[in-house]
Amino acid sequence: MEAIFENRIANDQKIEPKDWMPEKYRKTHIRQISQHAHSEIVGMLPEGNWITRAPSLRRKVALLAKVQDEGGHGLYLYSACETLGISRDELFEQLHSGEAKYSSTFNYPAVTWADMGAIGWLVDGAAIINQVALCNTSYGPYARAMVRICKEESFHQRQGFEIMLTLAKGTPEQKAMAQDALNRWWWPSLMMFGPTDAESVHTEQSMKWKLKRKSNDELRQQFIDQTVPQAELIGLTIPDPHLKWNPEKGSYDWGEINWNEFWQVVKGYGPCNRERISARRKAWDNGKWVRDAAMVYAEKRETDEFKKAI
């Protein structure tokens, strides 16, 4: 069975929920897909806080649509994860207990409106680079979910860049606000790709199973090469004094990432870790009556359909 499985992976054939798969493959996918799903719904929190404070109706509507999209992405991914034999309740319990992780980027505060631009441009831009490759991942339900998610994330990235462009072309105070947001979100965005390949404990196996198509460092390099010219175009400065073009390799060299900070945030000691998990637990508790009502309604419909059948 394992030889057949490995052959299907080698031939780029999708693995479907009812197919045989190694237990480690199943658990690896549960870890990654659930982490992705958790990141989508936790990522709603810093942006949702700015919906009522958006500077115009147009900005408010766009941000509201974006936050709604993120919630939908979480639902797609939780559904894909459930096909691997884990329940939605288990997934949320793992998030609320701290057993499961989510993107460390969302443990930083969004303190000005410019942060909405920086999150869209940088964080969603980094997410797209990560996620486009996942459209060809080996697990079918995950790959299919990613197709729609990537289309919507591209809108989010353009929305964020447009906010930054508008601020950069505005008053000196507005441009300074945009630069400040870039300064604060640049390094967390680079951390989104995970630890270096040398330090990553999952990359080798994930590449072998084609869960990932590119390594963390390759994806990070792609993001930097793509984003630096965009910053130059709108007159903002990347906050890295060591950043420079390397003509020999045809890409940018950059400074050292603060990996101590990265691991501290991952371990739960970031600026907003407790706040984010507390908000998710509160939302789960406050939404219990909705889940209960939905279950009662579903049971009633099932009973009514059964009565009609007989």
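The radius of gyration used here is taken over C-alpha atoms, and the globule rule set beside it is 2.2 Å times the number of residues to the power 0.38. For the 310 residues of this chain, a compact globule would have a radius of gyration near 19 Å, and the chain, at 21 Å, agrees with that. The model is a predicted one, in which local features need pLDDT of at least 70 and side-chain atom pairs count only at pLDDT 80 or more, while totals for chains, interfaces and linings use all residues. Residues are numbered from 1 along each chain as its sequence is written, and side-chain values use heavy atoms, with hydrogens and water left out.

Along its principal axes, the C-alpha trace spans about 75 × 50 × 35 Å. Of the 310 residues, 48% count as buried (under 20% relative accessible area, with a 1.4 Å probe and protein chains only). Among contacts (heavy atoms within 4.5 Å) with a separation of 6 or more, 77% come from residues 24 or more positions apart.

Ser-138 is buried, because its relative accessible area is 5%. Leaving aside residues up to four places away in sequence, Ser-138 touches Ile-9, Gln-13, Lys-14, Ile-15, Tyr-25, His-29, Trp-209, Lys-210 and Leu-211.

Technical notes:
Buried < 20%, exposed > 50% of the residue type's maximum accessible area, 1.4 Å probe, protein only.
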